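Trainee: I would like to go through the labels on this model and test each one. Please hold every label to its cut-off.

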Amino acid sequence: MENRHIDHIPAAARHGKPWHQLVFWFGANVNVFNVVLGGVLVSIGLTFWWAVAAIVTGTLIGALLIALHATQGPRLGVPQSIQSRGQFGFYGAAFMFPAVLVLNVGFIAAELVIQAQAMTGVTAALPMPGWIIILAVPSAVIGIFGYRWIHRVMQATAVVVGVSLVIMIVQGLGHGALPASQATLARPSAGLFIAGVALLVIDLLSFGPFVSDYTRYLPAQTDGRRLFWAIYAGNVLATAGTCVIGAFLTALLPALGTVSAVGKISGKWALVVMALSLVNANTFNAYTGSFQVIAFGSMWRRFRAESVLVRVIPFLCVLAAGTVIACYGYQQFVTNLSNFLDDLLLLFIPWSAVNLADYFLVRHGEYDVASFFTPGGIYGRFAWRGLLAYLAGLAVEVPFTSQPDYTGPLVKPLGGADISWLVGWITAAALYLYLASRIPQASRRDRPAAAPVG
């Protein structure tokens, strides 16, 4: 049972190899959530082949960003949100903790709804809320044991669900040809296509604020390039392949919806596999959500580094919150999922830009880890360079944003295309690099005495 949480992982506790991360992230993405997400692209109006183009484009971009974030884990040995204190300050990074927590709880709720939809297709013996509660139980058990068990279950998921998806697509191809309306290559509007790309970018970038949580146990000397390509390949292959399968099945039987199409074509066994494919995804969302709770509390109190209860109690609370939301919010799932991902896009794009610019181009991976855990460290209470760049990235997104309840003034001139994510990322990164070049950053040579880590 894991007894560590947000503190630095000492060298004696490090283990694992880069290829383990390929399997882990493949397993994290071969699931019914991405099957449904691929179906969402067809549901919003993209024909199958244009949905494939949007899936591949968004996956290649999103996976690039999170693979870069993930390489920080072995070097620093702390969760991603804790590392953000290096860019935003000890207290300045606090905005990340509730934002990531909402992300984790939202995904738990969404995933439990999809799992329950799959199981109600197998049997109507239980209503949706009943299945939601039952499916949360194995996620809780895995998370109580912690990091090693999350990795082990993800490895099993990669194999079992990966083989099942291959069988499902073969059955889908044998079911019949796509309707003519779905096979057309007629070009959609730019806005619709970019909206599809954005869904895939944020689907993957949503891992960004906690991707290092699952690489922080790797040895510090782990080869960064091998780790990058392992994580990139695992995410791209699994996400693109799974979403394409979902888009194909939805386009094949558009009147049924994605989950029902899976049951119609492959049978109840496939629905059971799809439901179980997200058990571990719920676990790692609750696992990293617990770190946000601990990190927020650590602003006032330093928790004992080796404590099972400090990790487990917040974990169970986060999982319970997602379960309750799922029980009450499952009716309008597809609409809520699209809107949820779009809203998250606005928050995490500029954070990603500042984090990557600082790590790779400003500090080159050189941080004083002890200062992550004290307001008196070299990163200070508030690091205004990072906060200013982040807020500027958020601000420039607004005119380019197209949401159900708001459309920016520059969306219509661009043909309805929402490019807020691209503009926000470039602006935040560029401004941060400019500020860093003009005003010296605190360095390890300048640090005051700080408590040692590990």
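Mentor: Start with a term. A salt bridge is a side-chain nitrogen of Lys or Arg within 4 Å of a carboxyl oxygen of Asp or Glu. The model is predicted, and it holds two salt bridges.

Trainee: What makes Arg75 and Glu366 a salt bridge?

Mentor: Their side chains meet at 2.8 Å, N to O. The cut-off is 4 Å, so the pair qualifies. The partners are 291 residues apart. Arg75 lies in helix H4 (residues 72–76), and Glu366 in the loop between helix H17 (333–362) and helix H18 (384–397).

Trainee: Why is Arg75 called partly exposed?

Mentor: Its relative accessibility is 39%. Partly exposed lies between the buried limit, under 20%, and the exposed limit, over 50%. Arg75 therefore counts as partly exposed. Glu366, at 41%, is partly exposed too.

Trainee: How do you know that Arg363 and Asp358 form a salt bridge?

Mentor: The side chains of Arg363 and Asp358 meet at 3.2 Å, N to O. That is within 4 Å, so the label holds.

Trainee: Are Arg363 and Asp358 buried or exposed?

Mentor: Buried. Arg363 has 10% relative accessibility, and Asp358 has a relative accessible area of 0%.

Trainee: Why is His364 called exposed?

Mentor: Its relative accessible area is 51%. Exposed means over 50%, so His364 passes. His364 sits in the loop between H17 and H18.

Trainee: What stands out about phi of His364?

Mentor: Phi is near 55 degrees, a positive value in a residue other than glycine. Most residues other than glycine have a negative phi.

Trainee: How do you know that the length of helix H12 (residues 224–252) agrees with its residue count?

Mentor: At 1.5 Å a residue, its 29 residues should span 42 Å. The end C-alpha atoms of H12 are 42 Å apart, so the two values agree.

Trainee: What makes H12 largely enclosed?

Mentor: Of its 29 residues, 21 are buried, so the rest of the structure largely encloses H12. At the start of H12, a side-chain oxygen of Asp223 comes to within 2.9 Å of the backbone nitrogen of Arg225.

Trainee: Which residues touch the most other members of the largest nonpolar core?

Mentor: Tyr214, Met274, Phe284 and Phe372, out of 141 residues in that core. Helix H7 (residues 96–122) gives the most to this core, with 17 residues. Beyond four places in sequence, Tyr214 has contacts including Trp25, Tyr147, His151 and Phe284.

Definitions and conventions:
Residues are numbered from 1 along each chain as its sequence is written. This is a predicted model: local features need pLDDT of at least 70, side-chain atom pairs count only at pLDDT 80 or more; totals for chains, interfaces and linings use all residues. Side-chain values use heavy atoms; hydrogens and water are left out. A nonpolar core is a set of buried Ala, Val, Leu, Ile, Met, Phe, Trp, Tyr and Cys residues joined through side-chain atoms within 4.5 Å. Buried means under 20% relative accessible area, exposed over 50%, partly exposed in between (1.4 Å probe, protein chains only). Helices (H or I, at least four residues) and strands (E, at least two) are DSSP runs, numbered from the N terminus. Contact means heavy atoms within 4.5 Å. The expected span of a helix is 1.5 Å times one less than its number of residues. A polar contact is a pair of N or O atoms within 3.5 Å; within protein, one must be able to donate a hydrogen and the other to accept it, and residues adjacent in sequence count only if both atoms are side-chain atoms.
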